[in-house]
Amino acid sequence: MAGSTVEPTRDTTTVAASGAAAGYRPARTLPCGAEFRRQASRRRTQLALGFMVLLPLIILIAFQFDSNDDDNGGGEFGSLIDLATSGGLNFTLFTIFVSASFLLVVVVALFCGDTVASEASWGSLRYLLAIPVPRARLLTVKLLVALAYSGLALVLLAGTALAIGTLRYGWSPLRSTVAAQLEPGEGLLRLLAVLGYLAIVLLVVAGLAFLLSVTTDAALGAVGGAVLLWILSSILDQITALGVIRSFLPTHYSTAWLGLLSTPVQTDDIVRGTVSAICYATVFWGLAFWRFTRKDITS
């Protein structure tokens, strides 16, 4: 009609100053709780945590088949096997000792090496980023959840060993080849300190596996690569001809937790090992974030 005006069509979508849709909050994408539940539903998580509970039971059953063999193993730590059945604390110490050098390394590498690479291998990684979840946010959440499950595995292993060991062998003082007998209360505190130090040392494995996880789309390659590199470092650490170079290897202080069982407590290597592990883990995680925020995601 004459004299009438037509108002222009307005876009009802509000855009924030940053260019994002109004109401979009990057920090609210992919909550840690959702990722934790996601990982809990995966078969590898259930099997790994289940085996942490099962291993102490297997060891306990194995101890029931007493062959009366006096040779229970030689070397510096041979008597740990003899003392394992003398109380719940000693049984827990033995379980930690036989698990620390390999089993726990594999479990931590599994949780941290599989977390991103598996998403890439399934082709779901690019869909997570298209939600959109910021890359740094996605890595942070996945790393925190992987570390949480790694810590849970360590607690389950020690907690189950302590529970069934105490039920079977009683609540007795902690004994070892490098310390005087420790009363149960103090012995429990020493074991908690051992677990804390092992958790710090295993951060190196977590960092290396996480770096490999963002580098490759093959989850098995990330997990296996981290384990193999840890084994390689352990082998090189045994070569005395390397001299002072050995002290820079990530595995050089991996057994320093034995100093927590001595009387008095030996903390020099504990401090060096803690600093070394934190430095290595920080470098590996930094490289992982640097690499992932710059790579093309095609899977």
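**Helix packing and core of a predicted chain**

User: What order do the elements of the protein chain run in from the N terminus?

Analyst: From the N terminus on, the elements run α-α-α-α-α-α-α-β-β-α-α-α, where helices (H or I, at least four residues) and strands (E, at least two) are DSSP runs numbered from the N terminus. This is a predicted model, in which local features need pLDDT of at least 70 and side-chain atom pairs count only at pLDDT 80 or more, while totals for chains, interfaces and linings use all residues. Residues are numbered from 1 along each chain as its sequence is written, and side-chain values use heavy atoms, with hydrogens and water left out.

User: And how many helices and strands is that?

Analyst: The protein chain has 10 helices and 2 strands.

User: Which residues touch the most other members of the largest nonpolar core?

Analyst: Tyr 197 and Trp 257 do, out of the 72 residues in that core. A nonpolar core is a set of buried Ala, Val, Leu, Ile, Met, Phe, Trp, Tyr and Cys residues joined through side-chain atoms within 4.5 Å, and buried means under 20% relative accessible area, exposed over 50% and partly exposed in between (1.4 Å probe, protein chains only).

User: Which helix gives the most to this core?

Analyst: That is α8, with 15 residues.

User: What does Tyr 197 touch?

Analyst: Leaving out residues up to four places away in sequence, Tyr 197 touches, among others, Tyr 253, Trp 257, Leu 260, Ile 270 and Thr 274, contact meaning heavy atoms within 4.5 Å. Thr 274 is in helix α10, and with the sequence neighbours up to four places away not counted, Thr 274 touches Tyr 197 and Ile 200.

User: Switching topic, how do the axes of α2 and α4 cross?

Analyst: The axes come within 11 Å and cross at roughly 110°; they are lines fitted to C-alpha atoms, for helices over the stretch in contact, with angles running from 0 to 180 degrees between N-to-C directions. The two helices, α2 and α4, are therefore roughly perpendicular to each other, given that angles of 65 to 115 degrees count as roughly perpendicular, under 35 as roughly parallel, over 145 as roughly antiparallel and the rest as oblique.

User: Which residues make the contact?

Analyst: Leu 55, Pro 56, Ile 59, Leu 60 and Phe 63 of α2 meet Phe 91, Phe 94, Thr 95, Val 98 and Ser 99 of α4.

User: Also in α4, is Asn 90 buried or exposed?

Analyst: Asn 90, found in helix α4, is buried, with a relative accessible area of 2%. Its contacts, neighbours within four places in sequence aside, are Leu 83, Ala 84, Pro 173, Leu 174 and Arg 175.
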